[in-house]
Amino acid sequence: MNALRIDDPGVSSFLKMDEESFERLSTYVTREYGIKLPSAKKTMLESRLNRKVKALGLNTYKEFLDFIFSEEGKQGELYNVIDLITTNKTDFFREAAHFHFLVNEHLPYLQKNGLRNLKIWSAGCSTGEEPYTMIMALEEFRKQSPETTYSILATDVSIRVIQTAFQGIYDIEKIAPVPIEFKHNYFLRSKTHPRLVRVRPEYRKKLQFKRINFMDNSYGLNKADYDVIFCRNVLIYFDKATQEKVITKFCTHLKPGGLLFLGHSESIIGMSLPLKQIRPTVYRFEG
Ligand SMILES: C[S@@+](CC[C@H](N)C(=O)[O-])C[C@H]1O[C@@H](n2cnc3c(N)ncnc32)[C@H](O)[C@@H]1O
């Protein structure tokens with residue numbers, strides 16, 4: 001029988017995080033990135049960081065934190081740690097009602113009001129499925145209305161996910177939610193790796209990428225510049241006060257009448273914001 005013994009390396013080498021280190025790390029992550037890390041997340045952190053601690057040749061989480069917060073660690077390793085801590089789950093056509101509403105109702109309305117170039121920001125874009133879904137939806141719209149053009153800014157705090165989004169390479173299973181007729185039009189199958197697909201270059205070129213941490217004072221973007229901001233399934237990791245501060249900053253980047261899309265389990269109830277709900281989790285900036 002292959003039962004796992006307690007002295008097997010896989011078991012005995014699992015490093016437990018002491019309370020003091022957990023407190024130090026969670027305080028830092030919440031202050032710098034807004035992400036809440038209650039004690040229930042300790043096991044999740046251990047499982048995500050164990051391999052990294054060992055790869056650095058360290059034996060305790062105290063040593064690990066001393067290193068990542070040292071001047072040397074701040075030059076590089078600290079960024080890798082935030083890559084491991086963020087939750088990047090995403091999908092093509094996730095919460096598809098948002099894309100239907102955007103192209104079937106909002107865009108025709110904007111068009112009637114003279115809009116030509118739509119500016120969208122996918123804020124917290126993760127590995128790119130959300131902004132590439134926008135491209136598919138907008139390109140389909142453009143088949144009827146080619147005079148409408150668009151630009152999409154895709155941002156995330158994690159450099160690793162931005163790199164994946166930039167590459168636009170996905171396992172074939174990832175594109176299961178993509179309508180069959182779009183698969184051929186928007187993706188190429190790898191000749192050498194049959195399980196991989198890649199977004200066609202003409203569509204990859206349409207995304208602009210930038211690393212933005214929502215906790216920063218300035219995002220380095222123009223004010224009142226965006227018609228639409230998608231910030232879905234990101235703020236759920238922040239506490240209410242931080243969510244309100246971040247959404248207030250988003251509002252400064254929306255044009256008057258611009259729309260903010262949040263994730264299905266996020267809401268602005270109880271916040272004092274210049275936003276009016278027009279659909280479930282869709283808000284109009286009343287600026
Ligand atoms: C669960 S994914 C959501 C992806 C996509 N918007 C969706 O709904 O499918 C959350 C993303 O938010 C990013 N994120 C977390 N904290 C952030 C912060 N402080 N600033 C910017 N992005 C952040 C994470 O790196 C992650 O990629």
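**Figure 1. Pairing of β3 with β5 in the predicted model.** I169 has R198 in strand β5 as its bridge partner. The model shown here and in the other views is predicted. Strand β3 and strand β5 (residues 196–199) are joined by three bridges and pair in the antiparallel sense.

**Figure 2. The open sheet of three strands.** The strand order is β3-β5-β4, and the pairing is antiparallel. At the edges stand β3 (169–171) and β4 (187–189); each has a single partner strand, so one side of each is left without a neighbour in the sheet. On average, and with direction ignored, neighbouring strands of this sheet are turned by 35 degrees against each other.

**Figure 3. The open sheet of seven strands.** The order of the strands is β6-β2-β1-β7-β8-β10-β9, with mixed pairing. The edge strands, β6 (207–211) and β9 (275–279), each pair on one side only. Neighbouring strands in this sheet are turned against each other by 25 degrees on average, direction ignored. In general, the strands of a sheet pair through backbone hydrogen bonds, and the pairing is either parallel or antiparallel.

**Figure 4. Strand β1 and its partner β2.** Strand β1 covers residues 117–123, and strand β2 covers residues 149–156. The two strands run parallel and are joined by seven bridges. Two of the residue pairs can be picked out in this view. K119 has S151 in β2 as its bridge partner, and I120 is paired with I152 of β2. Helix α8 (residues 129–144) belongs with these strands: β1, α8 and β2 make a right-handed β-α-β unit.

**Figure 5. Strand β1 and its partner β7.** Strand β7 (residues 226–231) pairs with β1 in the parallel sense, over three bridges. In this pairing S122 stands opposite F230 of β7. Is strand β1 largely enclosed or left open by the rest of the structure? Five of the seven residues of β1 are buried, so the strand is largely enclosed by the rest of the structure.

**Figure 6. Helix α12 across the strands.** Helix α12 (residues 240–253) lies across β1, β7, β8 (254–262), β9 and β10 (282–285). Relative to β8, the helix runs at about 140 degrees. T242 is one of the residues in helix α12. The relative accessible area of T242 is 13%, and a residue under 20% counts as buried, so T242 is buried. Leaving out residues up to four places away in sequence, T242 touches G34 and M215.

**Figure 7. Contact of helix α2 with helix α6.** Helix α2 (residues 19–33) and helix α6 (residues 77–85) pack with their axes 12 Å apart, at an angle of about 90 degrees. That angle makes α2 roughly perpendicular to α6. On the α2 side the contact is made by L25, Y28, V29 and Y33, which meet L78, I82 and I85 in α6. Of the residues in this contact, seven are nonpolar, none is polar and none is charged.

**Figure 8. Contact of helix α4 with helix α6.** The axes of α4 and α6 lie 9 Å apart, and the helices pack at an angle of about 120 degrees. The two helices are therefore oblique to each other. F64, F67 and I68 in α4 meet E77, L78 and V81 in α6. By class, the residues of this contact are five nonpolar, no polar and one charged.

**Figure 9. Buried residues of helix α6.** Which residues of α6 are buried? They are E77, L78, V81, I82, D83 and I85. These buried residues pack against α2, α3 (42–55), α4 (61–68), α5 (71–74) and α9 (159–167).

**Figure 10. The whole chain, as context for the close-up views.** The protein chain has twelve helices and ten strands. Its C-alpha atoms fill a box of roughly 70 × 50 × 35 Å, taken along the principal axes. Of the 287 residues in the chain, 47% are buried. Among contacts between residues at least 6 apart in sequence, 71% join residues at least 24 apart.

Terms used. Residues numbered from 1 in each chain as written. Predicted model: local features only at pLDDT ≥ 70, side-chain atom pairs only at ≥ 80, totals over all residues. Heavy atoms only, no water. Buried < 20%, exposed > 50% of the residue type's maximum accessible area, 1.4 Å probe, protein only. Helix = DSSP H or I, 4+ residues; strand = E, 2+ residues; numbered from the N terminus. Pairing = 2+ DSSP bridges. Right-handed = clockwise from strand over helix to strand, strands pointing away. Axes fitted to C-alpha atoms, helices over the stretch in contact; angles between N-to-C directions. Parallel < 35°, antiparallel > 145°, perpendicular 65-115°, else oblique. Contact = heavy atoms within 4.5 Å. Nonpolar A, V, L, I, M, F, W, Y, C, P; charged D, E, K, R; others polar.
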